[in-house]
Amino acid sequence: MPALKVDNLAKTFALKKPLFGAASTGVRAVRPMSFQVQSGETLGVVGESGCGKSTLARMLVGLLDASEGKIEIEGKALDNADPAKFGKLIQYVFQDPNSSLNPRKTIRQVMEAPLKRLHGMPRSEREARVSQIFASVNLREEFLERYPHEFSGGQAQRIGIARALAANPRIIVLDEPVSALDVSVQAQVLNLLADLKTEFGLTYLFITHDLAVVEAVSDRIMVLYFGSVVEIGDARRIFANPRHPYTKLLAESAPVVGRPLTAPEQKGTELPDPLNPPLGCAFAGRCPNATDLCRTQEPELEPVGEDQLAACHHPIQD
Amino acid sequence: MTAFLKLLFRNRLAALGAVVLSAVLILVLLTPVLPLQNPDITATADRFQKPFTEGHLLGTDHLGRDLLSRLLHGTRLSLAVGIAAALIAATIGSAIGIVAGYFGGRADNIIMRGVDMLMAFPYILLALVIVAALGPGLMNALIAVAAVNVPFFARNIRGITVGLAGREFIDAARLAGMGHIRIILTELLPNVLPVIIIAMSTTVGWMILETAGLSFLGLGSQPPQADLGSMLGEARSALISHPHTSVVPGIMIFLIVMSINLLGDGVRDALDPRLRSGALSRPRAMTLVERKGEVPAPTDDLLAIQDLQTQFHVGDRVYRAVGGVSLSVKAGECLGVIGESGSGKSVTALSVMGLVASPPGVITGGAVRFQGEDLIGASYESLRQKRGDRVAYIFQDPLSTLHPLYRVGRQLSEAIQSHHDIPTAETQARAVQLLRDVRIPNAEARVDNYPHELSGGMRQRVGIAMALANEPDVIIADEPTTALDVTVQAQILSLLDDLQRERGLAIIFITHDFGVVAQLCDRIAVMYAGRIVEEGPTPSVLEAPAHPYTKRLIACVPELGGGQRALAAIPGLPPLVDDLPPGCAFASRCEKAQETCRTGEVMLKGDASRAVRCHYPEEAI
């Protein structure tokens, strides 16, 4: 049984009805997408700004109501958005560690909230549990009585991770957990996340825009473009052996030590207009291989090669 | 708390307000035990006694009542009503504001439109209507004044709440299983409370005036009960013949309202974190220079930063952001400056053209020489002429550096015209050409766009075009691609590379990304805690890093193609620049550190082309 099963999940943000004329259909931030995450797996989600990765994350933890589709966690369907119901199964680690902590609460108050509200744990047990979690994220217990502004970004992110762990979830959605951190601290946090995963038997959904980071932590990687999944595949192969032209473009754009500087070949850089989405493949306008078929018909996600899936009419072959 | 009081009393006027207000408060609190005459006993024979007559220190009113006694009892009543009204208005108004701001959407719309309707009435008219409906009396006046002030609190607090409700800690609280009421009470309320208190402290005075106004009109306190407004109202008919009867309550109202307002302003200023840090004070046009020691001699580099020291003086603390940095670029060369946040790389860049905000920034030593001329000691006019003309900047966030209300073409023209006397028609044509140079498609049409109509990558191209506008000799690029997506970053980098080659530009490129410097820069300087720890040609620094920090920093950056793995993290944190350790700043995180590293100053060893600041370098240089 997969830890997380997402079936045709989609989100459309309604627009205001104009004074005259009919209401528009709204902006489709996430187009219907289906995927599964196996228990104990780390699924990396990459995409550029505006690809719908944060909207997806917020739907998965119940902070946003899905427009259609369903979310199943370990076989249990969660249909209405209620963070309190989701909280025990799936938790969220925020991008900005400092703004995700209430500046006027001590760390102990922050840590105890999920224990008290989600698990109804009595005070005596709470204290022991908080100490145990703090030990596993390598934070000193004296930090518990302090306020968030006294912490550096890396420490605050550890506290954010500790809070997610306190709910004792099965799955943690990590939304750009290291983007706000310096590189030397980033590595500390990434290693900690890997250790915690083994220790608590967690399943991760790791969202980021950094290809090198996602490759270092993931088992499988899902590439999003304009609200749709364009490619899913094994983390070791997907960037070395991309099937979708967009994945190839991403991999070639990442700055790598020792690779000479050449702008990757492509037409235009603009994303399609979300208010007026193109008919066929959203990437057709930037794609070197686009044909008339691409401009009229939206490609389906189909297996290409042994364990990769790509949504492309003309996938790249070896 | 003591820090807050110290800050508050540094403001002389606020201190004066506090003293006057406390005196008044002590007086009215003691009123019941003071040996005063009964304020309501009339003695018409003694009417209109002058002040300082025997038995009546402040004289008597038109019914022969003792003015001092009436004044103190009246003040007591007025203050009580004013404070009670402020508390009621603040409680109801803030509750409305928090609910509207937290729930948003339709609830917000309905509540706030209701509040708007309340605000549409002139306040005194509204108060009169309420009193007319409820009947005169001090209690009803209190209700009227409170009701009139509810919208003020509701709107203020709603604005603050909307900002807070979108913050991530509210989402985090929902994920921790908290309900709406608990989130409002435990997450939002503690964060808006300071704002409520500040708003109250600045409105109490106003409410006392409004209550006095209603009493003056005979709608508040009823005779014989005295409050400041009714005392004034009763004295009005004798204003000319016996002025002291109106002057006495008048002065008291003046003192109370004035002291409350002065104190309230002081409290607001002392609590506002932006004021405390000095962020709201207007910075000077150039960074303050207080150089001690000798100015280094000129060199033949195009731009040379020589032993530059820049500090931030905040209160008693001194942050040594840049502690003696020397860098130089020649024409056609690209120098990469790499470091983590707080390493001083941006401050170094801003110091070149005196752009560090002062206060709190101060340049305390060294020199910056452009073609031999020292820019640190230069006059403002000389700096202004070079800013953007000879040395141009590209910043990280093009959305915040472009003016949102002007078309990009006009901003480019302005950049040219501030240095050269060229007619607008020509600069417009030049603007189109510049946009073409940075490969913006359809430049003729794009020149009339506003910044918000362009994508992030296009905006950064405009930022680069603006830096190129006057064909500068040096461009300082401070993390120009950090905010961009990777596909866009690749294009911007290759554009910068081409421009540098075509025009023989010198570029100082500041970043935290090794991949970017490796592709773009000829030489690299690595900064740590305000100093350069290693410098050298790009391939040599990246392939054979000599400083342990450089080596470990490169190792902990994941690189594409490396597969799933544990990363070699550096334990610990960089030191704070207001509390730098003696010796090497990296010693506490370094495996190779010895006693010598923790004591004496470590000098930069090597020559201009390859140098390292370490006693035990990884590679011999």
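**View 1. Packing of helix H15 (residues 408–417) of chain B against helix H16 (residues 424–437) of chain B**. In this predicted model, the two helices pack at an angle of about 115 degrees with their axes 9 Å apart, the axes being lines fitted to C-alpha atoms over the stretch in contact and the angles running from 0 to 180 degrees between N-to-C directions. H15(B) is therefore roughly perpendicular to H16(B), a term that covers angles of 65 to 115 degrees. Helices are DSSP runs (H or I, at least four residues) and strands likewise (E, at least two), numbered from the N terminus.

Residues are numbered from 1 along each chain as its sequence is written, while chains are lettered from A in the order in which they are written. Because the model is predicted, local features need pLDDT of at least 70 and side-chain atom pairs count only at pLDDT 80 or more, whereas totals for chains, interfaces and linings use all residues.

**View 2. Residues joining H15(B) and H16(B)**. H15(B) contributes Gly409(B), Leu412(B), Ser413(B), Ile416(B) and Gln417(B) to the contact, and H16(B) contributes Thr424(B), Thr427(B), Gln428(B), Arg430(B), Ala431(B) and Leu434(B), where contact requires C-beta atoms, placed from the backbone, to lie within 7 Å.

**View 3. The side of chain A that touches chain B**. Here 61 residues of chain A are in contact with 54 residues of chain B. Among the elements that each supply at least two residues to this side of chain A are strand E6 (90–93) and helix H6 (183–200), and H6(A) gives the largest share, 7 residues.

**View 4. The two domains of chain B**. Chain B is divided into domain 1 (72–271) and domain 2 (303–612), with bounds from an automatic or database domain assignment, and the C-alpha centres of these domains lie 51 Å apart.

Definitions and conventions: Contact = placed C-beta atoms within 7 Å. Parallel < 35°, antiparallel > 145°, perpendicular 65-115°, else oblique.
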